[in-house]
Amino acid sequence: LPASRIFLIPPSGPMAHMEHPDSQSRAMLSKMNIGFAPAWDAGIPAAPPPVKPAPNQTSFAFDYQMEKDVVKRAEDGMPIDTQALASRAMEEERKLMAPLLRRYPDVCTEHSLAFAFAAFGPAGGSNKTPENTYVEFCRNFAKMKELGFEDQRITGALKVNANDLQRACNQLYDS
């Protein structure tokens, strides 16, 4: 039994407490007409606590090939071209933005979608964020920009307030 100790019944005498008795010990105990039963040690938890997902956890589509390339270059002692990595990441992001920009040209801009992706993860892939979340974010982002708020503050407020324009504005006015 994992994480258990065996306690003999009755619990007395020199063999009252044994860690996992082997078959020879079991046979000897049986001849002595002494039973044994597994019991959990109070100091050992029966099972690990359940893992709770982090709140607002994103399912960002990680680029493993890019990561492998960076690690390989670092291991080989070659310089890492951060500019090229940034360009590659931006190109991937643009591919994910394109459908939203085509469907909602009056609402979404590349600028506002970049912040929406920062808040909710990029669209597509393993990310299950509904498309309307990005559209609503872009609409609210534009309204809050007109009110004079900064991009980063708008993004944070909309993220924390689940895209609720009124609550996000109140948060920024109060701070």
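**Which residue just after α6 takes a positive phi?** It is A162, with a phi of about 50°. Keep that residue in mind as we go through the views below.

**View 1. The whole chain, element by element.** This is a predicted model, in which local features need pLDDT of at least 70 and side-chain atom pairs count only at pLDDT 80 or more, while totals for chains, interfaces and linings use all residues. Residues are numbered from 1 along each chain as its sequence is written, and side-chain values use heavy atoms, with hydrogens and water left out. The chain contains seven helices and three strands; helices (H or I, at least four residues) and strands (E, at least two) are DSSP runs, numbered from the N terminus. Starting at the N terminus, their order is β-β-α-β-α-α-α-α-α-α. Of the 175 residues, 25% are buried; buried means under 20% relative accessible area, exposed means over 50%, and partly exposed lies in between (1.4 Å probe, protein chains only). The accessible surface of the chain is about 11900 Å², and 58% of this belongs to carbon and sulfur atoms; such areas come from the Shrake-Rupley method with a 1.4 Å probe, and for residues only the protein chains shown count as cover. Looking at contacts (heavy atoms within 4.5 Å) between residues at least 6 apart in sequence, 42% join residues at least 24 apart.

**View 2. The largest nonpolar core.** A nonpolar core is a set of buried Ala, Val, Leu, Ile, Met, Phe, Trp, Tyr and Cys residues joined through side-chain atoms within 4.5 Å. The largest one here has 23 residues, and L113, Y134, F137 and M144 have the most contacts inside it. Helices α3, α4, α5, α6 and α7 each supply at least two residues of this core. G121 counts as buried, at 5% relative accessibility. Its C-alpha atom is separated by 9.9 Å from that of Y134, which is 13 residues apart from G121 along the chain.

View 3. Helix α6 covers residues 151-160, and D151, I154, T155, A157 and L158 in it are buried. What covers these buried residues? The cover includes α4 (110-120), α5 (131-146) and α7 (165-174).

**View 4. Helices α5 and α7 side by side.** Two packed helices are described by the angle between their axes and the distance between the axes. For α5 and α7, the axes come within 11 Å and cross at roughly 35°; axes are lines fitted to C-alpha atoms, for helices over the stretch in contact, and angles run from 0 to 180 degrees between N-to-C directions. The crossing of α5 and α7 is right-handed, which means that the near helix is turned clockwise from the far one by less than a right angle. On the α5 side, N140, K143 and M144 take part, and they meet L165, A168, C169 and L172 of α7.

**View 5. Charged partners.** Side chains of opposite charge can pair when their charged atoms come close. The structure holds five salt bridges, each a side-chain nitrogen of Lys or Arg within 4 Å of a carboxyl oxygen of Asp or Glu. One of them joins E131 and R103, whose closest N and O atoms are 2.5 Å apart. This pair links distant parts of the chain, with E131 in helix α5 and R103 in helix α3 (residues 82-103), 28 residues apart. E131 is partly exposed at 29% relative accessibility, and R103 is partly exposed at 47%. Another salt bridge pairs K145 with D151, at 2.7 Å between the closest N and O atoms. Here K145 is partly exposed, at 37%, whereas D151 is buried, at 12%. K72 and D76 also meet in a salt bridge (3.2 Å, N to O); K72 is partly exposed at 47%, and so is D76 at 43%.

**View 6. The loop between α6 and α7.** Now back to A162, which lies in the loop between α6 and α7. A162 is not a glycine, although its phi is positive, about 50°. N163 is found in the loop between α6 and α7 too, and has a positive phi of about 70° although it is not a glycine. Are these two residues buried or exposed? A162 is exposed, with a relative accessible area of 56%, while N163 is buried at 3%.
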